[in-house]
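Reader: Hi! Could we go through this model together? I'd like to start with a ring.

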Amino acid sequence: MPESVKQGDKRQIARLISRIENGDPAREEILEALVPHTGRAHLIGVTGPPGAGKSTLLDALIRELRKRGKTVGVIAVDPTSPFTGGAILGDRVRMTGHALDPGVFIRSMGSRGHLGGLSGAAREAVMVLDAAGYDVILIETVGVGQAELDIMHLADTVVLVLNPTAGDVVQVFKAGIMEIADLFVINKADLPGTKRLRAEIEDLLDLSKHDADWRPPIIETVATRDEGISDWYEKLEEHREFQVASGEWDRRRRLRLENEVRQRMEEEFRKRLEEIWADPKFQEDLQSVARRLKKPGEVAVEWMKRTLRGQSGR
């Protein structure tokens with residue numbers, strides 16, 4: 001890994017992320033070099049419905065973290081433009097006030113059709129920032145609702161942002177995303193409906209977390225006025241300390257690495273499947289299936305066994 005990245009050179013960090021995102025042939029070699037330097041940062045995932053004020057909240061949290069001497073990396077995943085394939089920045093302009101701060105790095109990434117709320121390269125970008133030595137890495141997801149479960153496999157702390165004007169959001173999200181939250185933030189808490197929303201979340205926690213070692217706290221904020229941000233920071237620290245003391249910190253890191261191995265294996269299998277599909281002998285077997293001479297399962301198992309044995313021909 002380039003020494004300039006370890007020393008926090010923003011230009012080199014940005015170039016490295018771009019190389020990974022664009023599928024550089026040396027990507028695997030780059031990622032392998034990063035792994036020994038990762039595992040130190042506190043990874044905080046921030047998710048929730050569009051309009052909850054996630055970007056404004058992150059802007060305020062970055063200020064709080066910097067006041068406390070923390071360096072901050074931000075990966076903000078946005079919808080992908082159908083015209084350029086890049087990120088539609090949307091409210092990301094609200095964080096540009098930190099662009100000149102040497103202790104803050106912000107990168108927007110397009111989701112590129114990925115349905116889990118993160119872009120396919122987001123986890124690698126997080127690895128780069130972790131290896132570069134940032135104390136805290138904030139990962140903001142697209143904001144598409146309960147499909148955003150990928151964040152639980154990446155973040156140490158998952159924050160679900162809601163606001164009291166969004167209707168019965170608890171019912172909407174409780175099928176999935178509500179259960180993965182480590183903290184709840186009710187933003188725009190100066191608006192009517194805050195007490196009702198808080199009560200709904202408490203009721204849900206009574207059902208789903210009644211015997212849990214960590215009961216997710218609920219923090220009320222008004223991000224535009226920096227209200228509640230200090231409390232939010234304190235709860236984030238409490239969760240980190242709880243994880244370290246309980247062993248959850250190490251467990252999540254182990255699971256993250258295991259998930260990385262699984263994803264790499266899946267990528268390799270996809271590549272191999274493309275090679276198999278182009279194999280004339282495989283196409284012959286497909287023709288046999290089409291003529292009802294062979295069964296689909298029979299062909300699939302046969303070629304899978306061949307692949308695992310490393311054999312490409314008959």
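Reader: Is Phe242 buried, partly exposed or exposed?
Author: Phe242 is partly exposed, with a relative accessible area of 24%. Here buried means under 20% relative accessible area, exposed over 50%, and partly exposed in between (1.4 Å probe, protein chains only). Before we go on: this is a predicted model, where local features need pLDDT of at least 70, side-chain atom pairs count only at pLDDT 80 or more, and totals for chains, interfaces and linings use all residues. Residues are numbered from 1 along each chain as its sequence is written, and side-chain values use heavy atoms, with hydrogens and water left out.

Reader: Thanks! How many aromatic pairs does the structure hold?
Author: There are 3 aromatic pairs. Rings of Phe, Tyr and Trp (its six-membered ring) pair if their centres lie within 6.5 Å; planes under 30 degrees apart count as stacked, over 60 as edge-to-face and the rest as tilted. The rings of Trp214 and Phe242 have centres 5.3 Å apart and planes at 35°, so this pair is tilted.

Reader: And which parts does that pair tie together?
Author: Trp214 sits in the loop between helix 8 (194-208) and strand 7 (218-220), and Phe242 in helix 9 (residues 229-246), so the pair ties together parts that are 28 residues apart in sequence. Helices (H or I, at least four residues) and strands (E, at least two) are DSSP runs, numbered from the N terminus. Trp214 counts as buried, at 16% relative accessibility.

Reader: What about Trp277 and Phe282?
Author: Trp277 and Phe282 form a tilted aromatic pair, 5.0 Å centre to centre with 55° between the planes. Trp277 is partly exposed at 49% relative accessibility, whereas Phe282 is buried at 7%. Ring pairs link Trp277, Phe282 and Trp303 into a cluster.

Reader: Nice. Which residue lies over the face of Trp303?
Author: Arg306 does, at 4.2 Å from the ring centre. Likewise, Arg253 lies over the face of Trp249, at 3.8 Å from the ring centre. For a charge to sit over a ring, NZ of Lys or CZ of Arg must be within 6 Å of the ring centre and within 35 degrees of the ring normal.

Reader: Changing topic: how is strand 5 placed, buried or exposed?
Author: Strand 5 (residues 157-162) is mostly covered, with 6 of its 6 residues buried. Thr157, Val159 and Val161 are buried on one side, and Val158, Leu160 and Leu162 on the other.

Reader: What runs alongside strand 5?
Author: Strand 1 (residues 42-47) runs parallel to strand 5, joined by 4 bridges, and Ile44 stands opposite Thr157. Strand 6 (residues 183-186) is also parallel to strand 5 and joined to it by 4 bridges, with Val161 opposite Val185. Two strands pair if DSSP finds at least two bridges between them.

Reader: Where is Asp226, then?
Author: Asp226 is in the loop between strand 7 and helix 9. Its phi is also near 60°, and at 37% relative accessibility Asp226 counts as partly exposed. Great chatting!
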